[in-house]
Amino acid sequence: MNTLNEAYKAHPLHLGDIIPLDFSSYPSLPESHAWSQAIDENFSFNDPASSSIPVIDLMDPNATKLIGLACENWGAFHLKNHGIPLGVTQGVEEEVQRLFSLPTEQKLKALRSPSGATGYGIARISPFFSKCMWHEGFTIIGSPSHDAEKIWPDDFARFCDRMENYEKQMQIIAKRLTEMMCEVLKISEEKRKWIGASDISGALQLNFYPSCPEPNRAMGLAPHTDTSMFTILQTPSSGLQIFKEGKGWIPVHPHPEALIVHTGDFLHIMSNGRFCSPLHRVMLNENSKRYSMAYFYSPPIDYVVSPSVTKDLSSAARFRDVTVKEYIGIKAQKFADSLSFIST
Ligand SMILES: O=C(O)CCC(=O)C(=O)O
Ligand SMILES: [Fe+2]
C-alpha cells in the first residue's frame, strides 16, 4: 500500500464532505454554493509586467538561480521547455474530459471512501468552509486501476496507461526541480538522499470546474496552500489566482505548453520561510468549464522536514521538525493554522 494512503487513512472525512453536486441539474446557484460576500477581485492591472509570475525556461543556464528568485518572490512560476511530449499532455487532457463528462451515477461508482485518499469526490479542504465549492475531483496515487475499473469495467486500460505515464513524466521533472531547489537552499547531501527514490510521496489530482450560473458568488476552489513540497500544475484555462502580499489576488493565465509550478508548505518549512507557500484559489466562468491536473510532490512519508536541512541556516529555526506524515495529519486538523501550529 502506498504510504500516502496511510497518512490520509488516519484522518477520515464525513461522507457528506465527499459527494459532489450533480452540477448539470442546477440552472441557478443553490444556497449551499452561494458564498455570502461577492468575491472580491481586489487586484488592479496597473502594471501587468510586474504583476504576473515569471516564465522560466528549464534549458536556461541560469534556471536554478531564476527558480530560487521566483520561489522567494512569488512562490510560483511558469516552466517552459520542460520536455514533456505534447502527446502525453494532450492524452491526459482527453481522459480528464472523458472522465468528468460522464453521468454522475457513473462517477459516483468510484467515490472516495471516508478514510480513503483516492477516487472521485470534492476537495479535501471542503470541511473547513461553510459553503461548498463548484468543483469535483479525482485523486490518483500510483496506479488508478482500482478506481477506474469501477467506472469503466471493460475499458479502463487507456485511462490508466495515460495517467501512469503522466505521473512518470511528472516525477522526472519533479526530481530535476528538487535538485535545483536543494542547490539554492544549500540542503546537505545527507538530507538529499531521498531524491529519485521510489518511495517519494506523489499524488495526481484531476480537478473539474463546471461552468457556473453565478461565477461572482461562487468559488471553484477556496483559498488554501498546498501541503506538498511543490505542485506542478497543467491547465489550458485561466481561473487560478495566487495571493501576493501587498498586491492582492494575481491571476495566473496559462502559457501555451508551459507548466505552472508553485511551492507548498514543506518547502516553506525547509527554507525557514525563505520560499513562500502561496495562498491560491480558483475562480469560475459562466460560459466555460475548466479542468486542471495538479501533481503534488513531497519527500517520503517518514522524511523529517526541518529548517535545519539547509547547511547555512543563519537565523533561528522558525519551525519545529515534523515528518511528512505528521504534517499531513496536522493539516487535516488545523488547515490554515498548520504552519503557525508548528512555528517555534
Ligand atoms: O485548478 C487549479 O488551477 C488549482 C488546483 C489546486 O490548487 C489544487 O488542486 O490544490
Ligand atoms: Fe492547491
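## Notes on a predicted single-chain model

1. Let's start with a side chain on a helix. Setting aside neighbours within four places in sequence, Arg162 makes contact with Gly91, Val92, Glu94 and Glu95, where contact means heavy atoms within 4.5 Å. Arg162 sits in helix H6, which covers residues 157-185; helices (H or I, at least four residues) and strands (E, at least two) are DSSP runs, numbered from the N terminus. Arg162 counts as partly exposed because its relative accessible area is 26%. The cut-offs here are under 20% for buried, over 50% for exposed and partly exposed in between, with a 1.4 Å probe and protein chains only.

2. A word on what you're looking at. This is a predicted model, in which local features need pLDDT of at least 70 and side-chain atom pairs count only at pLDDT 80 or more, while totals for chains, interfaces and linings use all residues. Residues are numbered from 1 along each chain as its sequence is written, chains are lettered from A and ligands numbered from 1 in the order in which they are written, and side-chain values use heavy atoms, with hydrogens and water left out.

3. Now the whole chain. The protein chain has nine helices and 14 strands. Its radius of gyration is 19 Å, close to the 20 Å that the globule rule gives for 344 residues, so the chain is as compact as a globular protein of that length. That radius is taken over C-alpha atoms, and the rule is 2.2 Å times the number of residues to the power 0.38. Along its principal axes, the C-alpha trace spans about 55 × 50 × 40 Å.

4. Of the 344 residues in the protein chain, 54% are buried. Take the contacts between residues at least 6 apart in sequence: 77% of them join residues at least 24 apart. The accessible surface comes to about 15,100 Å², and 51% of it belongs to carbon and sulfur atoms; these areas come from the Shrake-Rupley method with a 1.4 Å probe, and for residues only the protein chains shown count as cover.

5. On charge, the protein chain carries 32 positive and 38 negative side chains, and the centres of the two sets are 3 Å apart. Lys and Arg count as positive and Asp and Glu as negative, leaving out His and the chain ends. Each charge is placed at NZ of Lys, CZ of Arg, CG of Asp or CD of Glu.

6. UniProt lists residues 199-299 as "domain: Fe2OG dioxygenase", in an unreviewed entry. UniProt positions follow the numbering used here, feature names are shortened, and annotations may be inferred rather than shown by experiment. In the model, the end C-alpha atoms of residues 199-299 lie 8 Å apart, and the span is 6% helix and 44% strand.

7. You'll find Met293 in strand E12, residues 290-298. Why does Met293 count as buried? Because its relative accessible area is 0%. Not counting residues up to four places away in sequence, Met293 touches several residues, among them Thr89, Tyr166, Leu206 and Ile232.

8. Val252 is buried, at 3% relative accessibility, whereas Glu257 is exposed, at 58%. Val252 and Ile53 are 199 residues apart in sequence, yet their C-alpha atoms are 7.2 Å apart in space. Beyond its neighbours within four places, Val252 has contacts including Ile53, His78 and Ile260.

9. Check the backbone angles too. Glu257 isn't a glycine, but has a positive phi of about 65°. Phe335 isn't a glycine either, and its phi is also positive, at about 45°. Phe335 belongs to the loop between helix H8 (324-334) and helix H9 (338-341), and is buried, with a relative accessible area of 10%.

10. Last, a glycine. Is Gly83 buried or exposed? Gly83 is exposed, at 60% relative accessibility, in the loop between strand E2 (76-80) and helix H3 (86-100). Gly83 and Phe266 are 183 residues apart in sequence, with 26 Å between their C-alpha atoms.
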